[in-house]
Amino acid sequence: MAGMFKPIHSATSNERKQEQHTLPDKKPLTTAMPTAAVTTSLDQVASSQDVLRSGKRHDTKRKQLTDSDVNEMMEFVYKTNKKVDRIIPALTHLLGEPEPYISLVDGSTDREGRVEIYHKGEWGTIPREISHIEASYICRKLGYLGGVSAGSGHFGRGSGAFWDLNVTCLRTRWCNSVGHVENPSTYSHEMDVGIICDHMVRLTKSSDEDEPEVSRQSGSLEIYHQNNWLPVCFENWGREETEVVCKQLGFVEGAAQSEKDETLDDSYSMTNVTCTGSENRLDACAFDGFTLNGCPSSEYVSVICS
């Protein structure tokens with residue numbers, strides 16, 4: 001815990017002199033009072049109040065805060081919140097949102113992480129698999145467009161209660177979205193679920209207005225990445241990759257073909273995707289990243305799922 005805080009150095013005498021010279025009509029700012037000084041001031045106020053009440057002075061001594069007291073207090077705060085990352089999202093939702101408070105912990109960005117929920121004074125996790133649809137509900141609750149499930153244990157184990165989450169109740173007060181699981185002894189934090197609020201996939205077709213129209217079962221494949229829908233290159237695409245996409249969209253199987261489109265040559269695209277077929281989402285497959293200047297031969301993935 002001590003490593004989390006660094007002492008704040010006051011300004012040098014030269015810097016203070018420069019501030020006074022620059023602002024002659026204003027008094028220089030004073031630094032914060034140390035803990036001991038604040039405690040002493042509180043003692044004086046308390047003693048003065050005693051004098052006003054009883055008409056005589058009480059020479060009582062009040063206990064000063066020691067380093068161990070401070071460390072104990074900070075340890076309590078740390079254990080209560082479990083992770084510092086939880087504090088800001090919880091406070092943000094507290095201002096205008098009812099419980100539960102949901103935070104993503106231990107991800108590499110603020111868009112991903114283990115799902116941790118604060119409800120009725122307890123932090124806890126979801127110790128089961130959730131679908132991509134459920135993940136999208138949670139991501140929308142957090143203010144994102146949607147998301148995908150990263151699977152159980154992907155972002156490590158959490159602690160606290162085991163929660164059962166009904167995502168359809170997240171946007172209404174007419175039903176309870178969170179409750180304790182039945183038989184908690186049968187669950188483990190090794191199975192704590194994580195989500196990624198990004199990397200959804202969709203199929204689109206051209207419309208009469210030259211705007212992509214979302215299609216349910218067939219069309220050009222696109223993946224959502226950092227607030228943009230990007231095409232996917234057909235290079236090295238095969239049956240395994242198609243199966244992963246169709247399962248992510250809620251289907252069993254499918255077929256794919258290349259679609260030539262030179263208008264996308266100046267855009268970013270997902271390149272060189274290679275799946276084993278066991279992945280539960282497209283971004284879990286190996287790929288070269290999201291690169292500029294289109295795909296080789298301007299060929300992109302088009303999919304038909306069934």
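**Close-up views of a predicted protein model**

**View 1. The disulfide between Cys139 and Cys197 is shown at its two sulfur atoms.** Cys139 is buried, its relative accessible area being 0%. The model is predicted, and the values in these legends are computed from it. The sulfur atoms of Cys139 and Cys197 lie 2.2 Å apart. The torsion about their S-S bond is about -90 degrees, so this disulfide is left-handed. Because Cys139 belongs to helix α5 and Cys197 to the loop between β7 (193-196) and β8, the pair ties together parts of the chain that are 58 residues apart in sequence.

**View 2. The disulfide between Cys246 and Cys305 is shown with its helix and strand.** The S to S distance in this pair is 2.1 Å. About the S-S bond of Cys246 and Cys305 the torsion is about -85 degrees, which means that the disulfide is left-handed. Cys246 lies in helix α6 and Cys305 in strand β15, so the bond ties together parts that are 59 residues apart in sequence. Cys246 and Cys305 are both buried.

**View 3. The disulfide between Cys275 and Cys285 is shown in its loop.** Here the S to S distance is 2.0 Å. The torsion about the S-S bond of Cys275 and Cys285 is about 105 degrees, so this disulfide is right-handed. Cys275 and Cys285 are 10 residues apart, each placed in the loop between β13 (269-271) and β14 (289-291). Cys275 has a relative accessible area of 8%, which is under the 20% limit, and therefore counts as buried. Cys285, at 4% relative accessibility, counts as buried too. A disulfide is a covalent bond between the sulfur atoms of two cysteines. The count of disulfides in the model comes to five. When the bonded cysteines of the protein chain are numbered in sequence order, the pairing reads 1-4, 2-3, 5-9, 6-10, 7-8.

**View 4. Helix α6 is shown with the elements that cover its buried residues.** The helix spans residues 239-248, and its buried residues are Glu241, Thr242, Val244, Val245, Cys246 and Gln248. An α-helix has 3.6 residues a turn, so residues three or four places apart point the same way. The cover over the buried residues of α6 includes helix α5 (132-141). Strands also contribute to this cover, among them β4 (148-152), β8 (201-206), β10 (218-225), β12 (254-260) and β15 (299-305). Just after α6, Gly250 takes a positive phi of about 100 degrees.

**View 5. Thr125 is shown with its contacts and its polar partner Asp192.** Thr125 is a residue of strand β3, which comprises residues 122-125. Its relative accessibility is 0%, so Thr125 counts as buried. A polar contact of 2.6 Å connects the side chain of Thr125 with that of Asp192. Leaving aside residues up to four places away in sequence, Thr125 touches Arg114, Val115, Glu116, Gly158, Ser159, Ala161, Phe162, Trp163, His189 and Asp192.

**View 6. Asn183 and His199 are shown as two non-glycine residues with a positive phi.** Most residues other than glycine have a negative phi, and most peptide bonds are trans. The phi of Asn183 is near 55 degrees. Asn183 is located in the loop between β6 (178-180) and β7. At 54% relative accessibility, which is over the 50% limit, Asn183 therefore counts as exposed. For His199, phi is about 65 degrees. His199 is located in the loop between β7 and β8. With a relative accessible area of 12%, His199 is buried.

**View 7. The whole protein chain is given as context for the close-ups.** The chain contains six helices and 15 strands. It has 306 residues, of which 36% count as buried. Among contacts with a separation of 6 or more, residues 24 or more positions apart account for 64%.

Terms used: Residues numbered from 1 in each chain as written. Predicted model: local features only at pLDDT ≥ 70, side-chain atom pairs only at ≥ 80, totals over all residues. Heavy atoms only, no water. Helix = DSSP H or I, 4+ residues; strand = E, 2+ residues; numbered from the N terminus. Buried < 20%, exposed > 50% of the residue type's maximum accessible area, 1.4 Å probe, protein only. Contact = heavy atoms within 4.5 Å. Disulfide = S-S within 2.5 Å. Polar contact = N/O pair within 3.5 Å; in protein donor to acceptor, adjacent residues only side chain to side chain.
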